[in-house]
Structures are given as C-alpha cells and as structure tokens.
Amino acid sequence: MSGPLQDWKSQRKPFAAVASAPVFWLALFFIAPMAIVWLYSFGQNAGPADIDISGTLDNYKRATEWLYLSIFLKSLAVAALTTGICLIIGFPVAMAITFAAPKWRPWLLLGIMLPFWTNLLIRTYALMALMGTNGYMNKGLGGLWEGASWLRTLVGMQPLEAWTPVQLLYNNFAVVLGLVYVHLPFMVLPLYSALDRLDKSLIEASLDLGAGHFKTFMQVVVPLAAPGIVAGVMITLIPALGAYLTPDLMGGTDSQMIANVIERQFKRANDWPFGAALSFLLIYAMFILIALQSMRSNKVKEPR
Amino acid sequence: MTEMKQPIIQIRNVSKRFGKVTAVDNISLDIRAGEFFVLLGPSGCGKTTLLRMIAGFELPTEGQILIDGQDMSLVPPNKRPVNMVFQSYAVFPHMNVTDNVGYGLRISGVPKGEIRDRVAEALELVKLGGFEDRMPDQMSGGQRQRVALARSLVMRPKVLLLDEPLSALDAKLRAQMQFELADLQDKVGITFVTVTHDQDEALSMASRVAVINKGEVAQLAPPSDLYEYPANRFVADFVGSVNIFEGTLTLDEPDKAAVECPGLGKVYLNHGVTGPHGANVWIALRPEKIYLHVPGEGKAVRAAAQDAPDGHNFARGTIKGMSYLGDITLYEIQLEGGQIIRVSRPNLSRHDQEDFTWDDKVSMHWRADSPVVLLS
C-alpha cells in the first residue's frame with residue numbers, strides 16, 4: 001500500500017510536519033525528565049538540594065538489598081493477587097454484559113465506567129468511610145449480630161457478647177480490596193471487547209457437538225477471549241504494581257508497596273538518587289512484563 | 001428406508017412466541033428418516049426458529065418435538081442426536097481442521113485412534129483430504145463450510161440440520177454445492193433438514209419441501225408438486241415466477257371448468273375444480289407455459305383464436321418489456337384489458353430473441369391443463 005500519506009518513506013515531508021509536534025512534546029516533557037531521573041539514579045547527595053552525578057552504582061546496590069527487594073516482591077504479589085481477583089470477578093461481569101439485551105448494554109457499560117468520572121482520592125475516602133470501625137459495613141454487621149443475639153434470647157438462650165467492630169482498614173486485606181475496587185473496570189472493559197467480538201454461534205456449535213457449558217467455556221470461550229484476558233491482565237497488573245494512593249491511605253504500617261517507598265525517598269528522606277534507582281527498577285520490571293506479553297502475542301500470530 | 005417406520009422428527013402443534021411476536025404458529029409436520037427435507041420461506045417466516053427448536057437452542061412456547069420417538073422438551077442441545085451446520089459455519093478459529101472436526105468426538109471421550117480414523121473418513125467425504133493442518137483463516141468460505149459439514153457428519157447424528165448452508169457462497173459454487181449436498185446425503189443416508197429462502201436450492205435438493213409463511217406451513221410437498229400444483233397464491237408466487245389473475249368460477253364439471261377473469265377473458269381448464277360455483281378464485285399461470293405468436297396479418301381480430309391449437313386458451317397483447325437472459329427471453333406483455341402478463345420463451349436458436357420487439361402485437365396461447373386454479 002503506497003497511497004498518499006500511507007508510507008512515511010515516500011512521503012517524508014508531510015509526515016515530518018505531522019510528527020514533529022508530538023515528537024517535540026514527548027521529547028521535552030517525557031524523555032528529558034525521565035533521562036534526568038535516570039541520571040540521578042547514578043548520583044549521590046552532595047547537599048540538601050544538590051546532586052552529584054558521579055556514575056556510582058551504590059543506589060542500585062542498596063535497592064537490591066533484601067529490605068527493599070522484599071517490598072518489591074510483596075508489591076508484585078499484591079498486584080498479582082489484585083489482578084487475579086479482578087479477572088475472577090471481571091470475567092462473569094463481562095460475560096453478563098455481552099449476553100445482556102442490546103438495549104441494556106450501554107447502560108451496564110456506563111455503570112462500569114462511572115467510577116472513572118470521580119476522583120480516585122474521593123473514591124478511596126468513600127470506601128474508607130464504608131470500611132472504618134465506625135463505618136457502615138461494621139454497623140451493618142453489628143446490626144446482624146444484635147439481631148442474632150435477640151433471636152437467641154427469644155428461644156431462651158444467653159444473649160451474645162457485645163459486638164466488637166472488625167478491623168477492616170489499615171491492613172493488607174484493605175489494600176487488596178481497594179486495589180481490586182479501583183482496577184476492576186480496567187479488567188472488565190478489555191474482556192468485554194474480546195467477548196463481544198466472539199461469534200455466539202461458536203458457543204452454540206460447541207454445545208451442539210456435545211460439550212456442556214463448562215467444557216464450552218474452557219475450550220471455546222477462554223481461548224478465544226485470550227487476547228482480552230492478556231490485555232486486561234496487563235492493564236491491571238502494571239498500574240496495580242505502581243499503586244501509591246491506595247496502600248498509602250488504606251494500608252497499615254506493614255502494607256506499604258514499592259511506590260510508597262519511592263515517594264518517601266523523594267520527600268521525607270530527601271534521597272532523590274536512591275528514589276530514582278528504585279523507580280527505574282520498577283520501570284524495568286514493567287518493561288519485562290510488556291516484553292513477555294508481546295513475545296506471547298507474536299507467537300500466537302505465527303501460523304502453526 | 002421402510003415406509004412403516006415412524007418419522008425421525010415429529011413436530012406436534014409447535015408454537016414459538018418472542019414477546020408479542022409469534023415466530024412459529026402451531027406447526028405440525030413429520031420428517032421421515034433418510035429424506036432431504038427443506039424448510040423454505042422468506043426471511044422472518046419462522047423457518048430458522050423451527051430449525052433452532054429442533055437443535056434445542058430455542059424451546060417451543062407450546063407443543064412438542066420428538067426425535068426418533070423421544071420427547072425433546074427437556075433435552076439440552078448437547079444431548080440431542082442431531083447436529084447443526086451454522087449459517088456462519090461457526091468453525092472454531094483457534095483450532096486446525098483436524099481439531100475442529102474431532103472436537104465433538106474428543107468431548108465425548110472417543111479413543112484417540114478412532115477419532116483419527118473417523119476424522120480422516122469425514123474429511124475424505126467432504127473432499128478435504130490434505131487440509132488436516134490448515135487453520136480456518138487460511139481457508140475459503142466454501143472450504144470452511146466443508147469443515148463444518150465434516151465436523152457434524154463425524155458425529156453420525158440421526159439428523160443433520162443445515163441453516164442456510166449455501167447463502168454465503170457465490171453463484172457457481174452454490175450450484176455445485178447443491179449437487180454435492182444431495183449426493184452426500186444420498187451417500188451417508190442421514191436425514192438432512194435444511195433451511196433456505198432460495199427456491200432453486202429447495203427445488204434442486206429436497207425430497208420434500210415445507211413452505212413456511214408467517215409461522216405456518218403454507219404447503220408441504222415434493223418439489224415438482226410445489227411448482228406444478230401450488231396450494232395457494234403464496235406458494236405459487238414464492239416458488240418460481242407466476243402470473244396470477246383473479247376471477248370467478250363460472251363452470252365446474254368433472255372434466256372441465258372455466259374461470260372468467262376480467263382483463264384476461266374466459267380461461268378454460270380440462271379438469272374440474274370442485275369449488276363452489278361463482279366462487280372467487282385465482283388463476284396461476286407460469287410464464288414458460290405460454291406460447292408466443294405473431295398474429296397472422298389482416299385478421300387481427302380473430303388472429304389469436306386461429307393461431308392457437310385446438311383446446312388451447314388464447315389471449316392478445318402488446319410487448320411492453322423485454323429482458324434477454326441468455327437461455328430465455330422474458331417478455332412483459334400488456335393484455336387488451338391493460339394488465340401485464342409475463343411470458344418466458346426459450347432461445348432455441350441463436351436468433352430467437354430477434355423474433356419479437358417492443359410494441360409488437362402478439363398472440364398467446366396455453367394448454368387447458370396449464371393454469372392452476374387457486375382457492376386462496
């Protein structure tokens with residue numbers, strides 16, 4: 001194909017004209033700052049606001065110490081768990097939207113996307129209000145508890161002890177729950193678009209050939225939704241790995257994730273070089289994830 | 001195939017309603033083992049719904065469907081002894097030909113060796129030997145259809161259901177597949193039930209055709225009966241091309257009848273109609289059953305009568321439209337009463353189409369057993 005404006009090699013000037021603005025933008029506001037941070041990671045503090053880029057690898061050595069590596073691995077585990085839960089919850093949701101009556105579908109999708117219209121901070125505080133020791137969740141559970149206690153007295157049994165609120169916030173459970181809550185739409189949307197493209201007669205054909213619903217799901221639906229699953233996993237895993245706000249607000253002292261450690265280096269600890277090194281380790285880890293995914297998708301395209 | 005055997009499929013008073021829409025309206029019909037049965041009708045007539053109810057993808061709102069004597073009301077699609085070839089073929093895009101065809105056997109736990117043999121046999125049957133490792137996206141529509149056919153046939157179903165099997169193929173391939181499907185059905189001896197909106201397909205492949213209109217069976221007959229003895233105006237018009245004239249039954253005796261049609265005149269038949277005298281009826285006359293003549297010169301008024309052989313009906317008109325189709329030429333002729341009648345004429349020699357042209361006065365005649373009298 002070499003129509004007008006289809007091949008940049010034969011149409012250099014128009015392409016240069018169109019491309020220069022975004023390239024300039026990216027160079028100035030993305031590549032340059034990233035390059036500066038990258039250079040900082042090879043430097044050391046020479047004063048309260050002065051960094052000497054000496055080419056040292058000390059920051060990276062320190063970053064790979066167990067103290068930080070363990071937080072990094074824990075972040076990965078939390079992100080993976082979040083992604084897994086999102087997938088398990090998101091798949092049926094996406095299926096339900098796909099099979100809903102056409103007039104309902106846009107509304108259901110709107111319901112999935114609605115949280116995006118609200119600030120993350122507000123959503124997180126709202127969730128915290130729900131989950132606090134004085135929150136509605138505890139109040140609801142307390143009400144049930146009291147109801148049960150009252151029922152016991154009705155049949156002449158001893159009433160239950162007074163309700164002690166459950167600690168739902170400020171622990172790892174709260175972090176995972178908060179991350180799942182925030183990232184679920186990212187999982188549902190790619191899954192929905194993959195399932196929506198799936199020809200429904202393939203499912204009928206599988207049923208027709210004797211497969212039950214579970215076998216049809218495993219043999220036909222999941223393999224054909226694989227691109228959507230991979231996209232959903234990536235788009236959930238990567239932001240979850242770098243999550244900052246949720247663990248900061250909802251986590252306890254032991255549930256900090258790598259982004260919280262990085263933030264501390266840039267702010268309270270005022271150790272920019274070390275923060276930069278940690279940041280780049282996180283970026284490299286994400287690169288590896290993306291590279292693995294693209295290797296996989298290249299493999300799929302190859303004819304057998 | 002024995003005549004005494006019970007029908008392989010019995011459809012008993014089946015209705016299907018989607019909300020307020022009635023897709024299938026109290027249909028009862030039997031499909032015999034080993035026949036090539038076609039459900040023919042315009043789009044939206046309920047034929048596909050009926051097929052999907054046989055497959056189990058839809059449940060009847062009322063009535064019951066029996067396959068091989070067993071009530072299917074509570075049997076899910078994956079437990080029914082029927083298989084379906086989908087309109088879109090529904091070949092699994094993530095499996096090669098072998099895996100596609102072997103899918104059903106793998107699911108039902110058939111031993112590997114047997115799967116291999118049966119898949120090879122099925123591929124041979126649909127002439128896809130050598131395509132074992134192909135992925136569906138490397139195949140043409142016609143080849144994918146053969147995969148879908150093999151995938152169903154390999155299950156050895158009691159009935160094979162085909163939903164518009166030829167609609168996505170181009171004209172040449174469609175004509176070829178019509179023969180191949182009929183041939184295949186003959187070879188495997190499985191009952192085929194096909195849905196189509198294409199009357200050519202129905203006439204060429206079927207042993208019997210059910211014409212469906214608005215959720216009801218308009219006529220159930222072998223193809224030639226459908227064409228030559230349509231039961232009503234819908235069938236006459238839907239199957240093939242036809243001229244229909246409204247008229248009044250003025251004479252009805254065991255060996256002759258006459259219908260007075262305004263605009264066409266009195267149409268004589270050499271058989272009785274057994275309709276009430278003076279009844280409002282319709283005459284259906286196929287375009288190819290009308291002979292065309294140039295009226296003899298100078299005797300314009302009586303020309304038609306003289307040109308027609310004894311016992312033929314006749315009429316006069318003017319050619320208002322012509323379309324040359326190669327094998328035949330189609331004429332639209334305005335009768336003296338102003339109505340248009342369509343006549344087709346085979347081009348038996350290379351110059352036949354030059355015999356008539358626009359605005360020619362012509363006379364027409366047809367045998368007394370050619371028109372069909374329709375009561376509805």
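In chain A, helix α6(A) is followed by A:Gly156, whose phi is positive, near 80°; helices here are DSSP runs of H or I with at least four residues, and strands are runs of E with at least two, numbered from the N terminus. The structure is a predicted model, in which local features need pLDDT of at least 70, side-chain atom pairs count only at pLDDT 80 or more, and totals for chains, interfaces and linings use all residues. Residues are numbered from 1 along each chain as its sequence is written, while chains are lettered from A and ligands numbered from 1 in the order in which they are written.

Helix α6 of chain A covers residues 136-154. Its 19 residues should span 27 Å at 1.5 Å a residue, which agrees with the 27 Å between its end C-alpha atoms; the expected span is 1.5 Å times one less than the number of residues. One of the 19 residues of α6(A) is buried, so the helix lies largely in the open. A residue is buried if 20 or more other C-beta atoms, placed from the backbone, lie within 10 Å of its own, exposed if 12 or fewer, and partly exposed in between.

The contact between the chains takes 17 residues from chain A and 20 residues from chain B, contact meaning C-beta atoms, placed from the backbone, within 7 Å. On the side of chain A that touches chain B, α8 (200-208) and α9 (213-241) each supply at least two residues. The largest share, six residues, comes from α8(A).

Chain B is divided into domain 1 (9-236) and domain 2 (243-374), with bounds from an automatic or database domain assignment. Their C-alpha centres lie 40 Å apart. Each domain of chain B gives five residues to the contact between them.

Definitions and conventions. Two residues are in contact if their C-beta atoms, placed from the backbone, lie within 7 Å.
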